[in-house]
Amino acid sequence: MMFQAVLTRRLVNRVRHSAMKTIRSPNLATKGFGIMVPSALIILRNHVVMCDGNATIHEVAVPKARPLTQLTKNDISLFMECLRKILKNIWKKIYTFFSSFKRIIICTGLTLPALVLAPGCLYFRQEEILWNYIIWAIEKLGPTFIKLAQWGSSRPDIFPEELIARLERFTDSTTTYPFYVAERTLTKAFGPDWDTHLNLNREPIGAGCIAQVYKGTVINDRGDSIPVAVKLIHPHVQKMVTRDMEILQFFAHLFETLVPRLEYLSMSDTVQQFSENMHQQMDLRNEAAHIHTFIKNFKDNPAVIFPIPIDDYVTSNVLVETFVEGTPINQYMKKTVPKKLQVKISELAARIMLLMVFRDNFVHGDLHPGNILVQETSTGPKIVLLDCGIVTQVAKERHGALVDTCLAFLYWDGRKAAQTMLDHSSKNLCANKEQEELFVAGIQKIVEKSKESVYFENVGSYIAEICRLSCQYRVKLISDFLQVALAVKVVEGISLALDSDLDLTSKAIPIVLKAQAKLLLKKTSQKIRRQPSE
């Protein structure tokens, strides 16, 4: 009996086909299609078929097949290892399928009652019961949906105002996990002796749906003890979020396929953008890199402080950074705080955001009051910015358009601002020129209205109105622009809560003009370089 009886040609062809399929489309493995072939050796008839870890096929001719009785222990062990890995991959895919199916059942079970309750609650004017159930269901669905709710609360272009008002109740405060889980994470990251140079308080000082933060100390090379904040990713959150993202992406594609008109709402793009933000936060090395960039951008501004990552203690699941004291900025919104101090803090917060948007094109994407602290010093207030896991950047080729649009708004030229939006729309679906003109006229009307109360003082309501016009006349706004505008909206609200008389326009115009001049100078220098030397 020959060894070829153990593995048929059909199986080998299947292995080869799956491997080559994986080579052509590396993403397929991550999407759950095809089989990622493990390193193995398969002997069949007069060929040795080798599949390496990259699923590359190698075939080496041999004189003839050997009888089963002549196989060495090494041949058998290689075959058994190959079979074990193939079965492991098959089991993994079966497990992934059923766990995803189970998750869909759970999500359906939690959302279905809302659909059943909705008609009765709306008919009998008991909307509060419906909203309470929706909030409870989102909390039960876990970190992905809590983050989705937090993110959705800042998207007036997608969700109605009433829903946004309800979603704003979600904060990053969640149930904490036991300290032994933190110890396990640190052991995996730094080895079993991590506690010889890193000490942690057993009680966390903060917890979100993605990570938990402890206060502690780290001992440096000189033996000094440095106060630090230790941020740890929740256990199993990566798997849970990845699975949920795959489910959401599947249903977004399904709905767009079944109802083509939904493509205009860009559901798939929205889910993809949300997924990228979530995965940014789940790898704490990204946050460390973002902090270093912010520190570099504001190195000449001592009034802006960021915690400093300790690079030897940064992994994908752990971030150790210097502990920075401060008071949450919302404590300075109280009437008991001196007005002069409120004005200084308000101006500083507004200037920081404007510099991020127009000078640096590197914007903190999660600047809610909980991530902004204030330090009072003899030289004046200083602002501490935390949780830099999410940043927003406009593509370089579109940053100039953003600057031009904002400058047009500041100079009350709504027509120019609207035309810039149309020119850079990711998908302009206006039926005709008349619709385009109506969109332009609508933007101009917003600007005319802003003359009564300066544009930046009510940027939040203007963003909502621009989004309404874009939906009405089917002008798909570039998400980069919208994300930056919404970041400005958050800081605008904080600044105006501190000082309702703040003139943001006077602060913005010099920064925007400087950014525009810098961009023009850059374009001119590039044009000169491209000209052939005479």
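The legends below describe close-up views of a predicted model.

**View 1. Phe250 and Phe251 form an edge-to-face ring pair.** Across the model, the count of aromatic pairs comes to 10. In the pair shown here, the ring centres of Phe250 and Phe251 are 5.3 Å apart and the ring planes meet at 75°, so the pair is classed as edge-to-face, a label that applies to angles over 60 degrees. Phe251 has a relative accessible area of 28% and is therefore partly exposed.

**View 2. Phe294 and Phe306 form a stacked ring pair.** The centres of the rings of Phe294 and Phe306 lie 5.2 Å apart, and because their planes are at 10°, which is under 30 degrees, the pair counts as stacked. This pair links distant parts of the chain, since Phe294 belongs to helix α10 (residues 284–297), whereas Phe306 is found in the loop between β8 (304–305) and β9 (309–314), 12 residues apart. Phe294 is buried, with a relative accessibility of 0%, and Phe306 is buried too, with a relative accessibility of 6%.

**View 3. Phe294 and Phe306 belong to a cluster of rings, and Arg359 sits over one of its members.** Ring pairs join Phe294, Phe298, Phe306 and Phe362 into this cluster. Over the ring of Phe298 sits the charged end of Arg359, at 5.2 Å from the ring centre.

**View 4. Lys215 lies over the face of Phe323.** Here a lysine is placed over an aromatic ring, with 4.5 Å between Lys215 and the centre of the Phe323 ring.

**View 5. His236 has a positive phi in a loop.** Most residues other than glycine have a negative phi. His236, which is not a glycine, has a phi near 70°, and this residue is located in the loop between β7 (225–233) and α8 (237–258). With a relative accessible area of 61%, which is over 50%, His236 is classed as exposed.

**View 6. Asn361 also has a positive phi, but is buried.** The phi of Asn361 is about 50°, although Asn361 is not a glycine. Asn361 is part of the loop between α11 (339–360) and β12 (363–364), and its relative accessible area of 10% is under 20%, so Asn361 counts as buried.

How values were computed:
Residues numbered from 1 in each chain as written. Predicted model: local features only at pLDDT ≥ 70, side-chain atom pairs only at ≥ 80, totals over all residues. Heavy atoms only, no water. Phe/Tyr/Trp six-rings, centres within 6.5 Å; stacked < 30°, edge-to-face > 60°. Buried < 20%, exposed > 50% of the residue type's maximum accessible area, 1.4 Å probe, protein only. Helix = DSSP H or I, 4+ residues; strand = E, 2+ residues; numbered from the N terminus. Lys NZ or Arg CZ within 6 Å of the ring centre and 35° of its normal.
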